[in-house]
Amino acid sequence: MPTAILDLDLSRLPPEITGLHRYSRALILVRLWGRPVGSAYLPVINGSIAGTELRGAVIHAAGWRLWHRWLEVYLRPENLRPTHSTHQTATIAVCTRDRPAELSRCLEALNRLFDEGQEILIVDNCSKTDETRCLVKSHDRMRYVREGKPGLNAARNRALREARQDIVAFMDDDAIPDPDWLRALLHNFDDPLVFCVTGLTMPLELETEAQEWFERYSPFGRGFQRVIYDSGNCRPSSAGRVGAGVNMAFRREVVDRVGPFDEALDAGTPTRSGGDTEMLSRLLAAGYRIVYDPAALNWHLHRRTWKELRHTLYGYGVGLYAFWMRALLVEREWSVLKAASSWFFRYQMRGVLASVLKRPGRRPLDLMLAELRGCFWGPWAYLLSRRLRSRVRACDEQ
Amino acid sequence: MSSKPLISVVIPTHNRSALLERTLTALAGQTFPLQDMEVLVVSDGCTDETVELLHRSNTPFSLKIIKQAHQGPAAARNRGAMHAMGRLLLFLDDDIEASPSLIDAHARAHNERSGRVVIGYLPPVVPSGRIDFLHVGLRNWWEGRFYEMRQPGYRFRYSDLLGGNFSLGSELFARVGGFDLSFRTHEDYELGMRLIKAGVDFFFAVDARGYHHEAMDLNRSFARKYEEGQADVLMGRRHPELLSLLPLACPKAYSFLGVIPSALAFKCPAAGLAMTAVLRQALAFLQWARMRGLWDRLRGGLCAYWYWRGVAEKLGSLSAASSFLQTGPARLPEEGCEIEIDLREGLEASERILDQKRPKSVHIRFAQQFIGSIDSQPGAEPLRGVHLRPILLAGLAKRMLIALAMEGVLDNPILRNRSDCLWR
Amino acid sequence: MKVIEIDVSERVPAIQSLHLYEGVYILVRYRRQPVGWVTLRNLQQPVVHAEQLREVIAKKLGEYVLRAVLDQQLHPIPTDKTDSLPISVVVCTRDRVGQLRGCLQALLTLDYSDYEVIVVDNAPSNEETALLASSLPIRYVREERPGLDRARNRGISEARYGIVAFTDDDARPDRNWLKAISRAFTERDVMAVTGPVVAAELETDAQIIFELGYGGMGHGFQGRTIRRQTITMRELLWSSGFGVGCNMAFRREIFTSVGLFDIVLDVGTPSGGAGDIEMFHRIVARGYTLVYEPFALVRHIHRRDTTALVRQLIYNGRGFGCYLFSCARKGTLSRRTILFFAVREWLCKWILRRLLHPGLLPRRLIMLEVAGMLLSPLAYRASLRSILKGG
């Protein structure tokens with residue numbers, strides 16, 4: 001049952017919505033003067049959503065945040081748009097590999113952002129063809145860099161090295177930013193203790209079942225409340241709930257403070273994911289702050305087929321446990337053991353059990369099993385990845 | 001040049017020659033014209049090579065060396081101020097490495113408006129690589145304070161005056177009487193309290209950056225807590241209205257372990273050193289095991305213990321402590337006006353009233369509807385116009401909105417684009 | 001207790017002369033939209049100052065006022081009368097001329113242009129009602145067979161217009177009642193509209209117990225759209241939460257689709273049946289839309305004396321039981337679901353919770369409601385038999 005995605009602003013709410021005959025549900029992102037304040041699912045009946053239901057759901061979803069935003073603008077009219085912060089601009093880095101179609105849409109959207117003097121850097125991670133380079137060259141004011149070492153984290157490290165500005169904002173190649181995305185991100189870096197800002201990610205489309213399940217499962221930023229995370233309120237081993245690599249920005253000096261991204265993790269290596277979570281956990285452990293700001297919104301295109309979804313969830317399973325393995329071995333985070341066991345028993349086993357017993361609200365069994373398989377492989381994947389890397393490094397040095 | 005210098009930088013120092021050298025080098029690189037400033041280093045009973053270093057050094061600015069017996073930073077600063085000839089006094093600690101624009105920023109802030117106290121930014125210097133919990137906690141504490149001070153509409157308190165990097169007019173300093181010599185620590189807070197009472201404006205200059213090379217370890221932090229305990233007793237005696245705010249007023253809240261540290265401190269002080277030594281090993285283990293929660297709690301308990309040891313030294317017994325606490329509320333003077341403002345006149349008008357009257361507390365209403373009140377806070381500066389909006393947004397948001405709704409202000413379309421907005 | 005209304009968008013007055021009352025019961029509105037209730041009891045003086053009143057309203061109903069502001073911003077009340085639909089208002093009555101007079105007075109002074117009033121005199125014992133009706137510009141119809149639902153069905157057949165609104169003879173509709181109903185019917189999907197019912201007066205103990213302890217007949221002031229797809233099974237069965245019979249309106253065509261009021265549920269008394277909630281249930285269960293519109297306000301005069309209240313509660317229990325039987329018989333939901341609902345929801349949650357924390361409502365009265373429920377199978381069977389025999 002496909003779900004329509006609607007983006008509505010309370011200051012311009014239509015009396016009713018029609019023309020949704022293809023859909024059985026709608027996911028509505030509610031904004032007030034551009035700032036996202038809530039989201040709601042509504043059933044679509046006969047291709048339309050009646051006014052009373054729309055209004056009721058939208059007001060309920062926005063809640064107190066709506067009034068808070070209103071009062072904020074009433075008291076400080078300059079808060080209508082986030083003003084220029086101390087950090088005027090940033091480098092936007094997109095790491096990509098062999099996906100020229102998605103990348104092209106992403107670049108179009110990046111072009112449409114307000115010009116704040118930002119630099120756009122595309123890091124091509126061992127693409128097999130030349131299409132990516134030609135695509136980037138066709139857009140002027142975008143830089144192209146090719147990174148020879150395979151691995152998403154290697155590409156991210158390269159981006160951090162090549163960037164010319166102090167702040168680097170990462171975006172996945174299958175995501176597109178919202179117009180206020182960059183400004184909202186930069187605004188949060190005024191606090192010198194903040195070294196990373198993550199944002200909210202909404203789905204671009206929910207046409208297939210795989211996409212709907214991904215949306216339910218997804219580790220992407222979800223809430224509409226701005227939260228500041230530090231080691232006081234978030235343990236490093238549960239850094240996953242802070243944000244995801246699809247929408248995050250760092251200060252360049254994070255490399256000096258806590259070290260670069262671990263190139264043994266994330267896509268392109270046997271561990272498949274977890275590279276972003278690992279950096280977030282390291283930042284938390286070192287006492288820095290991470291801000292989750294829903295105003296920094298971007299839209300992600302989820303995988304369309306079921307097979308890809310299974311593959312992705314397997315990857316998440318591997319990555320999560322690989323990250324925990326690294327935290328245990330390298331950072332000596334003993335809390336990882338507790339986190340891993342509680343996650344395993346309370347979340348995964350319970351999910352599998354619910355699935356097997358066919359309880360309501362269960363997740364598909366094959367997805368859960370895929371993730372579980374990933375979990376068992378995870379720690380070994382990390383060790384394997386590390387060994388591969390050291391071997392490559394040894395070869396390079398010779 | 002025989003003209004009087006504009007700024008006198010007073011640096012008290014005690015046996016920290018290496019740091020002092022770095023400080024002086026940094027001062028030599030200031031963007032501020034060096035001929036308009038003088039530096040007075042007060043050697044507070046130094047037994048190392050500080051004095052030789054000072055005599056040896058060849059500074060592009062005028063450097064005066066003052067020697068005195070070891071009496072503490074308060075006395076050293078007062079002494080330095082006495083010998084200073086500049087119109088402005090800038091107090092700097094010997095472990096502060098000034099950024100090139102530090103003095104310039106202070107001077108500019110004073111030029112904008114005279115008669116204020118300018119507090120500089122002291123970002124702690126972070127050793128790269130792995131940092132232990134103690135330093136991480138300290139760094140976050142410092143940066144958190146400065147970040148708060150930077151927010152528009154921040155209401156300054158006596159404890160915002162940091163002796164390591166602040167400046168004020170020399171007449172003002174003389175008028176309030178300088179530092180209080182009986183304080184070995186928190187002498188800056190005590191001066192801050194007197195300045196607040198005198199109605200002096202505080203200002204935070206984020207460009208006046210001085211990198212703080214704080215050498216801190218666990219032992220030193222406990223020793224500092226001990227001194228703080230003593231200082232707080234003196235502070236309570238000197239300014240009784242602050243008693244309710246000080247940690248010694250609520251032993252339970254001070255540490256997770258509750259009243260145990262205070263009881264121990266009073267009853268068996270002899271066990272203190274031994275217990276600390278043992279628990280310090282435990283802390284080291286927790287640090288190694290990266291168990292931050294437990295580490296925090298244990299350190300909190302130890303800090304509380306040493307704090308109460310300091311209090312015990314001044315007050316003697318628990319009963320004396322509780323009777324000391326009683327003296328506070330009875331002597332709450334709290335003159336200073338309490339006014340009422342009506343937001344229907346407009347936000348700007350209300351801010352102007354606040355700037356004029358500088359009340360200690362305010363009742364806020366919107367026409368007929370009562371919104372709330374900003375209570376008087378001992379130790380905080382009187383209210384100003386810029387304080388109004390943040391307070392409304394933070395604490396009184398709900399009541400303000402309801403008042404606006406009931407007064408019919410929200411009748412006009414509030415959800416349109418902001419071009420037709422409705423504040424006056 | 002004194003019952004008054006205050007509109008916060010206008011000046012909030014002080015309340016005077018409360019010597020005879022033990023408290024005040026205030027209906028708060030914002031620009032005519034009802035927002036909520038405020039009760040003030042144990043007053044020290046016979047006067048409540050405006051300042052104090054505003055304070056209390058702000059504290060208890062502040063959020064609801066904000067919500068009403070937002071509702072009106074997003075869905076403004078139309079000020080012109082061009083879109084008003086013609087409505088037939090049906091009042092069923094039986095030997096209660098005194099009450100009926102008040103009701104008709106309220107109906108004839110409604111702020112609406114296009115409507116007719118039909119009085120259905122149900123098995124009267126004298127001519128008083130007819131006499132009253134002849135003196136007023138309303139239509140009069142006589143239904144000899146006793147039964148509230150029969151009377152309603154007669155009213156439907158007599159109605160001329162496309163929308164039929166019902167109210168009771170002891171109810172006093174608000175001035176904007178029809179305007180609100182018409183506004184709710186502007187969306188084509190809406191088939192039924194109900195609204196809140198508030199107490200017209202709280203003079204006697206019985207009325208106070210009914211309104212404040214039992215919950216009265218109101219269902220809050222939050223507008224809702226009720227559709228089968230968006231509600232759970234439990235909510236569908238709790239159709240007494242959708243509205244009340246003395247404040248409901250339907251599009252006439254719905255009766256051809258789902259049928260008329262179920263006369264089996266007429267258990268012989270003028271107001272003891274559950275025909276109204278059964279109709280709500282049927283409409284929603286068949287997939288149509290019901291809207292609860294807070295603007296469509298009706299004031300009701302609750303039973304004045306305790307014996308009448310007792311009888312009312314017994315009938316409530318009995319009526320609800322019969323309604324559940326009717327659902328089982330019609331097969332809108334499986335019998336197992338209905339049984340589970342009866343035991344788990346109604347008995348355990350509704351009744352037991354009230355027994356444990358009675359509040360104003362004496363336990364005795366709750367037990368009476370249970371007694372009524374237990375009588376329901378017999379009553380239902382008797383009624384069914386008599387209908388089948390009578391034809």
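1. Two residues are in contact if their C-beta atoms, placed from the backbone, lie within 7 Å. By that rule, 10 residues of chain C and 15 residues of chain B make up the contact between these chains. The chain C side that touches chain B has five nonpolar, three polar and two charged residues. Here Ala, Val, Leu, Ile, Met, Phe, Trp, Tyr, Cys and Pro count as nonpolar, Asp, Glu, Lys and Arg as charged, and the others, Gly among them, as polar.

2. A word on the source. This is a predicted model: local features need pLDDT of at least 70, side-chain atom pairs count only at pLDDT 80 or more, and totals for chains, interfaces and linings use all residues. Residues are numbered from 1 along each chain as its sequence is written, while chains are lettered from A and ligands numbered from 1 in the order in which they are written.

3. Now chain A against chain B. On the chain A side, 25 residues are in contact with 24 residues of chain B. Helix H1 (51-75) and helix H7 (254-258) of chain A are the elements that give two or more residues to this side. Helices (H or I, at least four residues) and strands (E, at least two) are DSSP runs, numbered from the N terminus. H1(A) gives the largest share, eight residues. By class, the chain A side divides into 14 nonpolar, four polar and seven charged residues.

4. Next, chain B on its own. Chain B has 16 helices and 11 strands. Of its 424 residues, 38% count as buried. A residue is buried if 20 or more other C-beta atoms lie within 10 Å of its own, exposed if 12 or fewer, and partly exposed in between, with C-beta atoms placed from the backbone. Among contacts in chain B with a separation of 6 or more, 78% join residues 24 or more positions apart.

5. One helix pair spans chains B and C. The axes of helix H16 (residues 397-406) of chain B and helix H1 (residues 50-74) of chain C come within 8 Å and cross at roughly 80°. That makes H16(B) roughly perpendicular to H1(C). Axes are lines fitted to C-alpha atoms, for helices over the stretch in contact, and angles run from 0 to 180 degrees between N-to-C directions. Angles under 35 degrees count as roughly parallel, over 145 as roughly antiparallel, 65 to 115 as roughly perpendicular and the rest as oblique.

6. Which residues in H16(B) and H1(C) meet? From H16(B) come B:Lys398, B:Leu401, B:Ile402, B:Ala403, B:Ala405 and B:Met406. From H1(C) come C:Arg54, C:Ala58, C:Gly62, C:Val65, C:Leu66 and C:Val69. This contact has nine nonpolar, one polar and two charged residues.

7. Chain C holds an open sheet of eight strands with mixed pairing, in the order S6-S5-S4-S7-S12-S9-S13-S11. Its edge strands, S6 (139-143) and S11 (224-226), each pair on one side only. Neighbouring strands are turned by 20° against each other on average, direction ignored. Two strands pair if DSSP finds at least two bridges between them. Strand S5 (residues 115-122) of chain C and S6(C) pair in the parallel sense over five bridges. C:Val120 has C:Val141 in S6(C) as its bridge partner.

8. Is helix H5 (residues 177-184) of chain C buried or exposed? Eight of its eight residues are buried, so H5(C) is largely enclosed by the rest of the structure. Charged residues are included: C:Lys179 and C:Arg183 are among the buried residues of H5(C).

9. Six bridges join strand S4 (residues 91-96) to S5(A), and the two run parallel. Six of the seven residues of strand S5 (residues 119-125) are buried. A:Ala93 stands opposite A:Leu121 in S5(A). S4(A) also pairs with S7(A) in the parallel sense, over five bridges. There, A:Cys95 has A:Asp172 as its bridge partner.

10. Strand S7 (residues 167-172) of chain A has six of its six residues buried. Both faces are covered, with A:Ile167, A:Ala169 and A:Met171 on one side and A:Val168, A:Phe170 and A:Asp172 on the other. Five bridges join S7(A) to strand S11 (residues 247-251) of chain A, and these run antiparallel.

11. Last, the cores. A nonpolar core is a set of buried Ala, Val, Leu, Ile, Met, Phe, Trp, Tyr and Cys residues joined through C-beta atoms within 7 Å. The largest has 206 residues, and A:Ala93, A:Val168 and C:Ile181 are among those with the most contacts inside it. A:Ala93 touches residues including A:Leu121, A:Val168 and A:Phe170, not counting residues up to four places away in sequence. A second, separate core of 78 residues includes B:Val39, B:Ala84, B:Leu302 and B:Cys303.
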